[in-house]
Amino acid sequence: MEQVYVSSHPLVQHKLTLLRRVETEPKKFRELVREITQFLIYEATADLQLTDKPVETPLAPFAGKEIGDRIGLVPILRAGLGMVEPVLEMIPTVRVWHLGLYRDSKTLEPIAYYNKLPPQADVDLCLILDPMLATAGSASAAVDVLKEWGAQRIKFLGLIAAPEGVKRLREAHPDVPIHLAALDERLNDHAYIVPGLGDAGDRQFGTG
Ligand code: PRP
Ligand code: URA
């Protein structure tokens, strides 16, 4: 599908298998979320703009480059939190704005409870971070909030998605590329991704 990028890197697939295992405890789970996110951010930032940055090496002047895009990270609480640190390690200049959304277990509708966006949308690219794209209710709501705020360029980074969620997000926001570690089979009757990994928030924070 157009603008849907699923990593085929062997290390991502290896680590994702460990992440899915029911025996993987929260400490190891958080470590794997960090490691997989580093691969995804590498792939998702391949089109960043560069600007000239002349430097001196010990031997000669060098016509260097630096990242020109101003980037805002938007983790969706809670589960997106574990994806923040690995991006900060790779791109220390990003700004982080938390969005609190949870999915109502009966209606499956996203409920917004926290928004830390500043008044002005003064970034060139917003990266939404959330490990799970299930019905895409949460992701679509996050994109709605960012567009209303004034964001021009938005990407979604997730670990695992269901085809139903990808379809819905693509239809609602065809301008938002989706970067994933895996595209799974389906949603179950409770709108959990199958085979998936269970509840990403609970598994990171030991609250299941
Ligand atoms: C999970 C996940 C997404 C959402 C995905 O969060 O992290 O935000 O569900 O489901 P959707 O695509 O159907 O909206 P959850 O609501 O469990 O909140 P939590 O991160 O606080 O556990
Ligand atoms: N949220 C999760 O954490 N996991 C799913 O499979 C679906 C929604």
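**Figure 1. Backbone contacts to ligand 2 in the predicted model.** In this predicted model, a backbone N or O atom of Ile193 lies 2.8 Å from an oxygen atom of ligand 2. On its own, ligand 2 has 230 Å² of accessible area, of which the protein covers 88%.

**Figure 2. The residues around ligand 2.** The shell consists of Arg103, Met132, Ala134, Ala191, Tyr192, Ile193, Gly198, Asp199 and Ala200. Sorted by class, these residues comprise six that are nonpolar, one that is polar and two that are charged. The space that ligand 2 takes up is the largest pocket of the model.

**Figure 3. Side-chain contacts to ligand 1.** An N or O atom in the side chain of Thr135 is 2.5 Å from an oxygen atom of ligand 1, and the side chain of Ser138 places an N or O atom 2.6 Å from an oxygen atom of ligand 1. Arg78 contributes a further contact, in which a polar side-chain atom lies 2.9 Å from an oxygen atom of the ligand. Ligand 1 taken alone exposes 500 Å², and the protein buries 91% of that area.

**Figure 4. The setting of ligand 1.** Ligand 1 is surrounded by 15 residues, the closest being Arg103, Asp130, Thr135, Ala136 and Ser138.

**Figure 5. The salt bridge between Glu23 and Arg21.** Glu23 and Arg21 form a salt bridge in which the closest N and O atoms are 3.6 Å apart. Glu23 has a relative accessible area of 53% and is therefore classed as exposed, the threshold for that class being over 50%. Arg21 counts as partly exposed because its relative accessibility is 41%, a value that falls between the limits of 20% and 50%.

**Figure 6. The salt bridge between Asp124 and Arg70.** The side chains of Asp124 and Arg70 meet in a salt bridge with an N to O distance of 3.1 Å. This pair and the pair of Glu23 with Arg21 are both salt bridges, and the count for the model comes to 13 salt bridges.

Conventions
Residues numbered from 1 in each chain as written. Chains lettered and ligands numbered in written order. Predicted model: local features only at pLDDT ≥ 70, side-chain atom pairs only at ≥ 80, totals over all residues. Heavy atoms only, no water. Near = heavy atom within 4 Å. Polar contact = N/O pair within 3.5 Å; in protein donor to acceptor, adjacent residues only side chain to side chain. Areas by Shrake-Rupley, 256 points an atom, 1.4 Å probe, with all protein chains shown as cover. 1 Å grid on protein atoms, 1.4 Å probe; cavity = no way out; pocket = protein on both sides within 12 Å on 5 of 7 lines; lining within 4 Å. Sits in = over half its atoms within 2 Å of the grid points. Nonpolar A, V, L, I, M, F, W, Y, C, P; charged D, E, K, R; others polar. Salt bridge = Lys/Arg side-chain N within 4 Å of Asp/Glu carboxyl O. Buried < 20%, exposed > 50% of the residue type's maximum accessible area, 1.4 Å probe, protein only.
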